[in-house]
Amino acid sequence: MPRRCARCLCRGPENGGAVSTDAIVLLKDDHKTVEQLFKKFEQAGDGALVTKRKLVDAMIEELTVHAFIEETIFYPTAREAVPETEDHVLESVEEHHVVVWMLSELAELPPEAENFDAKVTVLIENVRHHVEEEEQEWFPEVRAAMGRKRLQELGERLIAAKPEAPRDPLSLRSARA
Ligand SMILES: [Fe+2]
Ligand SMILES: [Fe+2]
């Protein structure tokens, strides 16, 4: 996992990341972090139970924090800024709903369970689909509507909110959606 600055969990230059507070850049950076965890899981051998447990725990944490800042800050702001993409927001929340319940199940499921790999595989499929829709279909419309300055201000709010994020996926709003 990439190293994070202790204050705001961003990847500062000293940790190999570029400095940007653009909200969409920050969210895509999170997506890349999660994709790296997915690839490591896919490359882990059948018997690598300890490694797979650690990777899934990291997925749970990364995805819970990411979904929290999206649901509490980015989604409502983007919905207001680009009302015509409201359907995207509503669909995205439903996709979060499925993901956070899968995360809560994986938190309890031992890696030796016969359905552990299957559940992680379906989680990965769901998240990849969700990320693709966000990045390909929705974010470009939000960028066009909001512009650079507003997205930078929004990104500052996302960074500030990360330390407040819960660790329990079921405490997210989308869990009750
Ligand atoms: Fe999302
Ligand atoms: Fe996202």
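**A close look at a helix pair and its surroundings**

A: Let's start with α1 (residues 23-43) and α2 (residues 49-81), two helices that pack at an angle of about 160° with their axes 10 Å apart. Here axes are lines fitted to C-alpha atoms over the stretch in contact, and angles run from 0 to 180 degrees between N-to-C directions. That makes α1 roughly antiparallel to α2, a label for angles over 145 degrees. On the α1 side, the contact is made by A23, L27, D30, T33, V34, L37, K40 and F41. Facing them from α2 are K52, L55, A58, M59, E62, L63, H66, E70 and F74. (Contact means C-beta atoms, placed from the backbone, within 7 Å.) Sorted by type, the residues where α1 meets α2 come out as ten nonpolar, two polar and five charged.

One thing to keep in mind: this is a predicted model, where local features need pLDDT of at least 70 and side-chain atom pairs count only at pLDDT 80 or more, while totals for chains, interfaces and linings use all residues. Residues are numbered from 1 along each chain as its sequence is written, and chains are lettered from A and ligands numbered from 1 in the order in which they are written.

Now step back for a moment. The protein has four helices and zero strands, running α-α-α-α from the N terminus on. (Helices are DSSP runs of H or I, at least four residues, and strands are runs of E, at least two.) Of its 177 residues, 28% count as buried, that is, with 20 or more other C-beta atoms within 10 Å of their own. Among contacts between residues at least 6 apart in sequence, 75% join residues at least 24 apart.

With its 23 residues, α3 reaches 34 Å from its first C-alpha to its last, close to the 33 Å expected at 1.5 Å a residue.

Last stop: W138, which sits in helix α4. W138 is buried, with 20 other C-beta atoms within 10 Å. Leaving aside residues up to four places away in sequence, W138 touches T85, H88 and E133. Although W138 and T85 are 53 residues apart along the chain, their C-alpha atoms are separated by 7.3 Å.

Notes
Angles under 35 degrees count as roughly parallel, over 145 as roughly antiparallel, 65 to 115 as roughly perpendicular and the rest as oblique. Two residues are in contact if their C-beta atoms, placed from the backbone, lie within 7 Å. Ala, Val, Leu, Ile, Met, Phe, Trp, Tyr, Cys and Pro count as nonpolar, Asp, Glu, Lys and Arg as charged, and the others, Gly among them, as polar. The expected span of a helix is 1.5 Å times one less than its number of residues. A residue is buried if 20 or more other C-beta atoms lie within 10 Å of its own, exposed if 12 or fewer, and partly exposed in between; C-beta atoms are placed from the backbone.
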